[in-house]
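I opened this model to look up how the chain divides into domains and what surrounds the ligand. My notes are below, in the order in which I checked things.

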Amino acid sequence: MGKLWGGRFEGKNEAWIDAFGASIAFDQKLAKQDIQGSLAHVQMLAKTGILTGEEATQISDGLRAVQQKLLDGKLTFTIENEDIHLNIEKYLHEEIGPVAGKLHTGRSRNDQVATDMHLYLKEIVGEVIEKIQLLREVLVNKAEENIETIMPGYTHLQHAQPISFAHHMMAYYGMLSRDQERFSESIKRIDISPLGSAALAGTTFPIDREYAAELLGFSAIYENSLDGVSDRDFILEFLSNSSILIMHLSRFCEEIILWCSHEFQFVELTDTFSTGSSIMPQKKNPDMAELIRGKSGRVFGNLFALLTVLKGLPLAYNKDLQEDKEGMFDTAETILTSLDIMAGMVETMSLNKEIMEQSTEKDFSNATELADYLASKGMPFRQAHEVVGKLVLDCTKKGIYLQDVPLEEYQAITPLIQADIYHTLASKTAIERRHSAGGTGFDQVRSAIEKGKKELGK
Ligand code: ARG
């Protein structure tokens, strides 16, 4: 048999040109959805009387036979059959003969492919949501184990103020909660059926689009057939949500990579999530974290590639739209595995609590405490800032820290400073006293963790 659309053609095909136009190398990932879509379509054709019950049964049985072969790994796809839709239809012809040709009544590959992708993404987004939720659980657990683990909080990558490690984990929890919400909210725009838009203009056959949509589990149908076959916003949204997600993972990985360095030594990854060097025997590299950081590049790239494909496209279907798939598949695989790796890596990483805490004791991250102390005793905050700034400068010249300054020296600067200053300057006190909502105070962190657990149904 020649090409399924071969009637109008008399020139012969060139294999290398066919290969350029074919999408089967990648869209075979949609085989399951393609058969699912066809089964719904044929059932609708029977219900509306467009096909006889007998024809529809023959076609459905044939499709199920093809489906079984697919599950058994017995289908091989060919470039001559261009894409997944034509490959499956060819197999259907092999199963049931010419009646197979009735399946495509009132349908086009344009609404067919769009339907396949809506089905595919709906499933993937469900998986993504589950995996984000698992990672959020890991974060909450890590936080709960480390409420009183003290670390330096940074701005400009300089020690700023001491914080609870749990607070740091819960910051990522917040980002991932928003990511999960974004994916969840996107479902209502994926959950729409383009099937029955046909090539672009609808069809003269008395089809029932709502019925087919219902069979496929879609909540709505596209209200405009041109939009139905041309819309790829739902994919863009997936690529965009994925980009934001992996940007968060990448920031987190960057921190883990820093924390693993000899300079920080805050955390250690398990051997499973590390790799060695072929030349330097001592190396234990955080490759997995680096790879997630690196893979953010391709995820952003896939978003930009599709935006660029779409920006100048006239309505309705254009073959350019075939370029929507590889990036979508690649992003789906990338974020699903990155989420798995991230969860395992964070769950198993161990903390050097002493090093973390000590590094807040040999620094000036308590300078704000001193300034706040003076301000709370009536000195205007700006003046307190100036006084402490001068003192820090003086200390750096002497090679000491604020907690090393003798009380007499403090009192010579201002009698407002009393012996309780040393307690105030301790990192633990600095954290403990931060009761403001959403701050790093242990009480605040505790209630953030409780809230998180509730959200996760724990
Ligand atoms: N393989 C095509 C794609 O992925 C299917 C739709 C083809 N439609 C057409 N009119 N050539 O976009």
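I am working with a predicted model, and its domain assignment gives domain 1 (14-105), domain 2 (111-353) and domain 3 (367-453). I also looked up the UniProt record, an unreviewed entry, which lists residues 7-301 as "domain: Fumarate lyase N-terminal". Over residues 7-301 I find the chain to be 61% helix and 6% strand, with the end C-alpha atoms 39 Å apart.

Entry 2, domain 2 against domain 3. The centres of these two domains, taken over C-alpha atoms, are separated by 40 Å, and 14 residues of domain 2 are in contact with 13 residues of domain 3. On the side of domain 2 that touches domain 3, helix H6, strand S2 (158-164) and helix H7 (165-190) each supply at least two residues. I sorted the residues of that side by class and noted nine nonpolar, three polar and two charged.

Entry 3, the ligand. Which residues are around the ligand? I listed Ser 23, Asp 27, Asp 83, Arg 109, Asn 110, Val 113, Tyr 317, Lys 319, Leu 321 and Gln 322. By class, this shell holds four charged, three polar and three nonpolar residues. Helix H6 (residues 109-145) gives the largest share of the shell, three residues, and H6 is also one of the elements that I noted on the side of domain 2 touching domain 3. Finally, I noted that domain 1 and domain 2 each contribute at least three residues to the shell around the ligand.

Key: Residues are numbered from 1 along each chain as its sequence is written. This is a predicted model: local features need pLDDT of at least 70, side-chain atom pairs count only at pLDDT 80 or more; totals for chains, interfaces and linings use all residues. UniProt positions are given in the numbering used here, feature names are shortened, and annotations may be inferred rather than shown by experiment. Helices (H or I, at least four residues) and strands (E, at least two) are DSSP runs, numbered from the N terminus. A residue is near a molecule or strand if its C-beta atom, placed from the backbone, lies within 6 Å of it. Ala, Val, Leu, Ile, Met, Phe, Trp, Tyr, Cys and Pro count as nonpolar, Asp, Glu, Lys and Arg as charged, and the others, Gly among them, as polar. Domain bounds come from an automatic or database domain assignment. Two residues are in contact if their C-beta atoms, placed from the backbone, lie within 7 Å.
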